[in-house]
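I opened the model to work through its packing, its symmetry and one of its sheets. My entries follow in the order in which I looked things up.

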There are 2 protein chains.
Amino acid sequence: MKAVLDYLRENQPRFVNELCEFLRFPSISTQAEHRPDLQACARWLTEHCRKIGLDAEICTTAGHPVVLAHTPRPNGRRPRFLVYGHYDVQPPEPFELWRTPPFQPTIRGRTLVARGSADDKGQLFAHLKAVEAYIKTDTELPCDLTFVFEGEEEIGSHSLPAFLREHRQKLACETVVISDGDMPAKNLPALTYGLRGIAAFEITLRGPARDLHSGIFGGSVENPAMALCQMLGRMRDARGKITTPGFYDGVKPLTAVERKQFKRLPGTEQSYRRFLGVPQLFGEAGFSSSERTAVRPTFEINGLTSGYQGEGGKTIVPAWARAKITMRLVPDQNPTKVLKATVAHLATLCPPTVRMEITGKGTSAPYLVKPSSAHAQAALRALESAFGVKPILTREGGSIPIVTDFKKVLRADTLLLGFALPDANIHSPNEQFDLDCFAAGQRMSAFLWQELG
Amino acid sequence: MKAVLDYLRENQPRFVNELCEFLRFPSISTQAEHRPDLQACARWLTEHCRKIGLDAEICTTAGHPVVLAHTPRPNGRRPRFLVYGHYDVQPPEPFELWRTPPFQPTIRGRTLVARGSADDKGQLFAHLKAVEAYIKTDTELPCDLTFVFEGEEEIGSHSLPAFLREHRQKLACETVVISDGDMPAKNLPALTYGLRGIAAFEITLRGPARDLHSGIFGGSVENPAMALCQMLGRMRDARGKITTPGFYDGVKPLTAVERKQFKRLPGTEQSYRRFLGVPQLFGEAGFSSSERTAVRPTFEINGLTSGYQGEGGKTIVPAWARAKITMRLVPDQNPTKVLKATVAHLATLCPPTVRMEITGKGTSAPYLVKPSSAHAQAALRALESAFGVKPILTREGGSIPIVTDFKKVLRADTLLLGFALPDANIHSPNEQFDLDCFAAGQRMSAFLWQELG
């Protein structure tokens, strides 16, 4: 192991340069115009896997390609583990809030600023650098490894389930390892044993056949933007509870043990409020902020669009109004049922003066595993060796849809070992990745194969 | 008069071509990038006034220029009248709904399609063509005429009051004539004796300092889009009443005589519903559609903007949410008071979890005059001569802010003689102007000077 750790220490500057190259691809999966960038990024990643000594191939799918790589000379007797990551990124908009261009990686102190630096290019890259250290120092890996890097995580991983089914044999593994989340603080690594799920949709209300002059017609016809506000406004009450009947069906109550873990997290409500920049925190009554974001479901408006949005004014009754909605869901809510109930509830709230359209539906199940398994214990030891601190057990608010697909298709649980920091601005302008965490992540990956193997 | 009427009849094709030239200027006053187009359009209009025999000049203002023109050889003994119009237009967005480009005038049957064709370039041009007929046929005008064409009507006529004050002497007149509205049907001309006023503002709610990942942070912080929906949603109740305390203070009740006039308007609620393309009409309980649009005040959302609006989804809690609002106001509401009360009401509805900003405030008073004056009676006779039908008396839902300025500065009432049709798509895609109404408007203007003189 010494050779591996030395190799990692000595090559950090080169690793950072390589990561910058990776980050220059604007691999924005949700925008069709960036399709060529996703393909170029996948080709670059495949080539990089080969360069470090892996057998790698680029696999076409119905959507963006998957990069599949293996450690060479597989040995049937060694256990096999699968590392998952994604090379696609969130849209960088709003551009004007970036202090440096999102796809021109910039180093500021010990921080690397770029879209995708933390989510998830930087984290998957740490795993590649760890295996590179094994291969380049001729250190024997105690296990065989498979790497699966997809390009559709930010748009719902639509092609991955079919990919997993198709390559089921090749992908068989003991467990899946994913680093695509965060840790509570720089000196507090964590193993995540629970994730929120998600249900998404877009609602459009259509009123008049065209935008109408608000002087000539205003007052005689429903304003779709007003109808949308009234409907969405009724989806959440003053105590932060979602009003859809049946919404909370199956929600696991927070246990005393879990509440104790949440209390151990660093930071105060006051420092959290300042970090977010809000005048006052808000959430479901009876829960702390960390509990609200990890173990309680939400109903969020991600975007609103209606009428005239340009400079100055335009005196119209808009023809339509639209909202993009996602709900974060928790164990054991059923996302399909919640989505159905939500749309049904909206239909009852919708006045007969507008037409409601629901599009873009998608769901992903929440996830919860036992943190006492042998694999989880091995991961906790690897975290402690890499960071030099006793890790904690957490549940996270994000969704990693494919965790449930891995369970379903490969019958494998997932070890969630994220090492982005809470201020990484994931999905926000000025996304950043801590370079110490990058290095620690590489060490963690190197130790992990020893502990698991 | 025969020479004038013959001249008008014989020159229609040329008039239409000239109007098309006028319509090719994208004189969108609300968009700064179009400033040069407004100036070019004003220069063209000034030149055109000179060509038909008027004394014309272009007057700079703090905003877009005013075109000022007079009939030549003023005679102190003749009464003077002032014709007002505006050469600026509404933004054409959304472009994709135009069947032909908004600034490439297109003739379809007896209709001219272009942004500004009805509002207001086509209507002001009819007045110019009538005076051209008098001048070119050497027919004596029984009065002196002043023409004032501004470029800021669609953005609140900010520079006009100062312009009127500055040129008060030159602009002194018996009455003002404005054709910037519509008539109930092709065979039913109207004199409008009342207008709604307006109060406008923009509301922005700011929450977190940046867009936040809805998985990591969602549930612990107010969603500004949700807060905006809840606030705006509460501004109107289920019966269509605005909830701001004091909002209806001063609203003149509808008289039995007025209600009778509204009942004489053509069309049914059913045909009106089909024309607008809505599944069901909606408005304040206790009033018909024509009453709701003419004599009752409104609260309209003209635009909504928040978060991600592009293709696909983006799982964020948006940092801010914004709405553009206009309220149409009626006699004798006080727009300044209503605006103040509205902002105060929103402030009480605003949760402490977001910061509220109000910008872009503007108001214009409602207008109401006696329809029995000598000038009004003269206008009714001119309408009957031009259209061959007995005109009706109406109140209109639109706002022509400068009507109150004319009253205040020049102490002159206004004759509102609009001849756009209700299906002119004013402020909407595919704005159009009926060419028969164009010709009848010219005749009306020609008769009007005889009747008034």
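Which residues does Val177(A) touch, not counting residues up to four places away in sequence? I found Phe81(A), Leu82(A), Val83(A), Leu415(A), Leu417(A) and Leu448(A); contact here requires C-beta atoms, placed from the backbone, within 7 Å.

Note on the source: this is a predicted model, where local features need pLDDT of at least 70 and side-chain atom pairs count only at pLDDT 80 or more, while totals for chains, interfaces and linings use all residues. Residues are numbered from 1 along each chain as its sequence is written, with chains lettered from A and ligands numbered from 1 in the order in which they are written.

Cores. I looked up the largest nonpolar core, which has 96 residues. A core is a set of buried Ala, Val, Leu, Ile, Met, Phe, Trp, Tyr and Cys residues joined through C-beta atoms within 7 Å; buried means 20 or more other C-beta atoms within 10 Å of the residue's own, exposed 12 or fewer, and partly exposed in between. Val177(A) is among the residues with the most contacts inside this core, together with Leu82(A), Leu191(A), Leu383(A) and Leu417(A). Helix H14 (residues 435-452) of chain A gives the largest share, 10 residues. A second, separate core has 95 residues, including Tyr87(B) and Phe447(B).

Symmetry. I laid chain B on chain A and got an RMSD of 0.1 Å, with a turn of 180° and a shift of 0.0 Å along the axis. The two copies are therefore related as by a two-fold rotation axis. In chain B, Cys229(B) has the C-alpha nearest the axis, 2.0 Å from it.

Asn302(A). I placed this residue in strand E11 (residues 300-307) of chain A; strands are DSSP runs of at least two residues, helices (H or I) of at least four, numbered from the N terminus. Asn302(A) counts as buried because it has 25 C-beta neighbours inside 10 Å. Leaving aside neighbours within four places in sequence, its contacts include Lys324(A), Thr326(A), Ser214(B) and Tyr308(B).

Sheet in chain B. I traced an open, antiparallel sheet of 3 strands in the order E4-E5-E18; pairing requires at least two DSSP bridges between strands. E4 (106-108) and E18 (432-434) are the edge strands. Strand E5 (residues 111-113) is joined to E18(B) by 3 bridges, and Thr111(B) stands opposite Asp434(B).

Methods:
Least-squares fit on C-alpha atoms with pLDDT ≥ 70 in both. Contact = placed C-beta atoms within 7 Å.
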